[in-house]
There are 2 protein chains.
Amino acid sequence: MASPARLELIALPGLPLVRPGDDLAVLVKVALAQAELQLVAGDVLVLAQKIVSKAEGRLVRLDTVSPSAHAKAVAEAVGKDPALVELILSESRRVVRQRPGVLIVEHRLGFIMANAGIDQSNVGEGMALLLPEDPDASAERLRASLASSAEIGVVINDSFGRPWRLGTAGVAIGAAGLPAIVDRRGEVDLFGRPLEVTMIAFADEIAAAASLLMGPAAEGQPAVLVRGLSWTAPAHPARALIRAEGEDLFR
Amino acid sequence: MASPARLELIALPGLPLVRPGDDLAVLVKVALAQAELQLVAGDVLVLAQKIVSKAEGRLVRLDTVSPSAHAKAVAEAVGKDPALVELILSESRRVVRQRPGVLIVEHRLGFIMANAGIDQSNVGEGMALLLPEDPDASAERLRASLASSAEIGVVINDSFGRPWRLGTAGVAIGAAGLPAIVDRRGEVDLFGRPLEVTMIAFADEIAAAASLLMGPAAEGQPAVLVRGLSWTAPAHPARALIRAEGEDLFR
């Protein structure tokens, strides 16, 4: 897989605030047309989790949620709204860490993340926004809708905190049309020695790059076109990026 | 801090293979001139750790290393060359995890990483390449040398594996001239609600973006110009990205 000599990242201008039920593919197509951009092979559209979730109606009014006794106890321990904690737990397989102000879980999709990715920025008072039901499937639907003649990729990104390092960085929670992970095992260096780094988190690097244009809450520029990449490996969804528990040295 | 509408990433063409003692700033200046690129304010040069280490003479011949009894025991346990393990341990504060084929340490600079970042790809038979002595200082020297009139940033990147997620992604091990981490605490969303994600790993996202052009062993394109970013926060070195042990939920 050759590395590109040049990459261009373009935040799609003029995307409206996304509402439940919106057809995101149509909104993106309109924005592309207004910017006089035509998708070409190798283009990757990176969409913020937030707008995908909104379009898919993953908004919940917190006052419609009845927290269980368990959720109330966890809420008390971490100092969060019991209704929010109920949502977090209902989206999770297990709690990884809890501490005042902190609730890190294993999301039902396998992500280890704070608050099950539930977001209250830019969603309106008393509302919470869940991750898409199946972000890989969302990415694939968007890809199928957007790719007319050209072979393109779609990445849905979110900002994750990381162990050991401060700050959040963009990662891919959904991907379609490209290899979320690139396996270069078997390739050799300039001296004929097998490469040491052989599994590249391609979709995560794309997600992080696009985050530079989106800003922290993806408020103004939630869709970014990445132009100049190429890939030959078969497409893999973003769930390929999640380490199986048995292979993880850090659980 | 406004997010850019467009970013361009350009791999500097024609950079020669870097050798110990080379003046990397001069090599970069020549490559920029040959590509008819002039640095402008907001430009960030991302340099692969590999070429910074090589220029700084951080190559070690493994047959000059005398492994200690402890290094021999660890080497036996993980199935690695005792001389290499001696180097890894001498660059580390402690071993985080060891297992056949795996040696994850806390590097003396605080990074949690495999093999203390010591690399044997593209360095020649029987050789090992250590991380720069002080990558933030390396970045600052390069920045001072490269920034003539324009305010630019320099990032030194490397590929790290991550807990919970497969594959490696580019991260910043050195930075100068830009805020490695951007603190947006106190800012609000479109509804006036405080932002939830407030600390952005700016230099890591830049590092990951540049990795897309460098390839897995940074063999062919180890220097990437990122054009279009802007920042107002004061510069912070990459060591600001390392979580203090007491603040880390995952140690």
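**Strands and the chain contact**

Reply: Let's start with one residue: Leu9(A) stands opposite Val226(A) in β12(A). Before we go on, this is a predicted model, where local features need pLDDT of at least 70, side-chain atom pairs count only at pLDDT 80 or more, and totals for chains, interfaces and linings use all residues. Residues are numbered from 1 along each chain as its sequence is written, chains are lettered from A and ligands numbered from 1 in the order in which they are written, and side-chain values use heavy atoms, with hydrogens and water left out.

Me: How many bridges join β1(A) to β12 of chain A?

Reply: In general, two strands pair if DSSP finds at least two bridges between them; strands (E, at least two residues) and helices (H or I, at least four) are DSSP runs numbered from the N terminus. Here four bridges join β1(A) to β12 (residues 223-227), and the two run antiparallel.

Me: In which sense does β1 of chain A pair with β1(B)?

Reply: Antiparallel, over five bridges, with β1 of chain A covering residues 6-11. Leu7(A) has Leu9(B) as its bridge partner, and Arg6(A) has Ile10(B).

Me: How many residues does each chain bring to the contact?

Reply: Contact means heavy atoms within 4.5 Å. Chain B and chain A bring 73 residues each. The copies meet through the same surface, because 100% of the interface residues of chain B are also interface residues in chain A.

Me: What area is buried between the chains?

Reply: Buried area is the accessible area (1.4 Å probe) that two parts lose on being put together, summed over both. For chain B and chain A this is about 6,900 Å², with carbon and sulfur atoms giving 57%. On the chain B side, Trp164(B), Arg165(B) and Leu212(B) lose the most area to chain A, together 13% of what that side buries.

Me: And how many salt bridges cross the interface?

Reply: The rule asks for a side-chain nitrogen of Lys or Arg within 4 Å of a carboxyl oxygen of Asp or Glu, and finds six across this interface. Among them is Arg162(B) with Asp204(A), whose closest N and O atoms are 2.7 Å apart.
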